[in-house]
Amino acid sequence: MAQDYEEQVIVITFGKPMVDIFEMKSVKEVLESGIYVHGEKTQEFEGAFCKQFGYSHAVSVANCTAGLHLAHYTLTKSINSKIKKQYEVLCPAMTHVATAHAIELAGLKPVFIDCNADDGNMDVEIMEAHITDKTVGVAAMHFNGIPCDIKKITKLAEAHNLYVVEDCAISLGAKVDGQPVGTFGQFGAFSFHPVKQMTTGEGGMVVMNDPSNHDQLAVERAFGVDRAHKHRKIAGLYDVTMLGFNYRMAEIPAAMGIEQLKKFSKFQKQRKQNYFTLASALDQIDGITIKGGQIYDERSYYCLIVHLENMSSYERNQLSFNLKKEGIQTSIYYPHPVPRLKYYAEQYGYEPALYPNSISFADHCLALPVAPHLTENNMITIAELLEGLIKC
Ligand SMILES: Cc1ncc(COP(=O)(O)O)c(C=O)c1O
């Protein structure tokens, strides 16, 4: 039965871009400069990003999806496009569709792997069982800012000669044993969409350890043109040495990104405080379990996901709506296992029995906000209202 929801005024929003006078000033400067692409801001942003998070190379891009596409494309461009669809990339079922689209767009076939029941990350044992002689790579996604078992994944990948692309869209700042996410595979891609840990409006960053991967990606991001704007002795004169895309980041988002980096630690501190406050308030409530509840320092606290015991998906949706009526915006990460989405179900078929844990996240969980525009008092309000609504 369709559920009918009217508009309500939201007081506690799920996310909010944290911009102030500093972003506005830097954007104004770019506007006044007249240089909107091919300028120095993107390079400055790439350098500052590497320095702050400990990456050796980075390429800024229009958004994370573009970065993921570039990564899979670059790593498999030597495969003849006529037979490419035979080759498989292991992909979490419980992820944003962008993780899978990037594989499809590169001409490869995603093979969907269920997540584990606890934190929603790809189940590595199931993943291992799906490695065949057609597998060429792995899309390793860090779900909800909690690092996936990337060490095991890269070990398996090395043993089977597979590449690894890390989807770090919602895990900026997360680490594994002190090593930042994005440095384990050949490429890692981040998102700067407005509700992410930091924003450039729209935007993304691809990181890599290998300088030749950097150079390749940097050229492909800009049409395959052989020389950057500043290296053209005669304006307008260049050659194109490879197939490429227009996936560049522009100067305005880069200018915003430079300012956002300066505030990132403050944002993360507040996210973490909010997460802890909400987690301990929820701990007392019967009927819910915190997903990935084991709290450890090296995660990125994107949101707090609760599993609603004994609630149908209809009741979960009703709860979300009732919270909205009280002014609290929640979300769902993610609304479907990717193979259940129409496009993928029609292409590859959908067997629910293969994805019980992903289905549980999609149908019986609710994502609660912890973003830095919110306070610890907001967290208490969320927990109290949730408790009241679950009891009634
Ligand atoms: C896991 C994951 N990958 C990729 C994306 C896409 O990021 P973008 O909007 O920057 O392309 C998202 C967006 O939320 C995401 O959650």
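This is a predicted model: local features need pLDDT of at least 70, side-chain atom pairs count only at pLDDT 80 or more; totals for chains, interfaces and linings use all residues.
1. Numbering starts from 1 along each chain as its sequence is written.

2. Which residues are the closest to the ligand? Of the 14 that surround it, these are Cys64, Thr65, His96, Ala169 and Ser191; a residue is near a molecule if its C-beta atom, placed from the backbone, lies within 6 Å of it. Helix H3 (64-76) and helix H4 (97-105) supply at least two shell residues each. Helices (H or I, at least four residues) and strands (E, at least two) are DSSP runs, numbered from the N terminus.

3. Now to the sheet, which is open, has 7 strands in the order E1-E9-E8-E5-E4-E2-E3, and shows mixed pairing. Two strands pair if DSSP finds at least two bridges between them. Strand E1 (57-61) and strand E3 (109-113) are at the edges with a single partner strand each, so one side of each has no neighbour in the sheet. From one strand to the next the twist averages 25°, with axes as lines fitted to C-alpha atoms and angles running from 0 to 180 degrees between N-to-C directions.

4. Strand E5 (residues 163-167) deserves a look: 4 of its 5 residues are buried, so the strand is largely enclosed by the rest of the structure. Buried means that 20 or more other C-beta atoms lie within 10 Å of the residue's own, with C-beta atoms placed from the backbone. E5 runs parallel to E4, joined by 5 bridges, and Ala139 has Val165 in E5 as its bridge partner. E5 is also parallel to strand E8 (residues 187-191), through 3 bridges; here Glu166 is partnered by Gly188 in E8.

5. Strand E4 (residues 135-141) also pairs with strand E2 (residues 88-92), in the parallel sense over 3 bridges. Leu90 has Val138 in E4 as its bridge partner.

6. Lastly, the whole protein chain: there are 12 helices and 12 strands. The C-alpha trace spans about 70 × 55 × 40 Å along its principal axes, and buried residues make up 44% of the 392 residues.

Terms used: A residue is buried if 20 or more other C-beta atoms lie within 10 Å of its own, exposed if 12 or fewer, and partly exposed in between; C-beta atoms are placed from the backbone.
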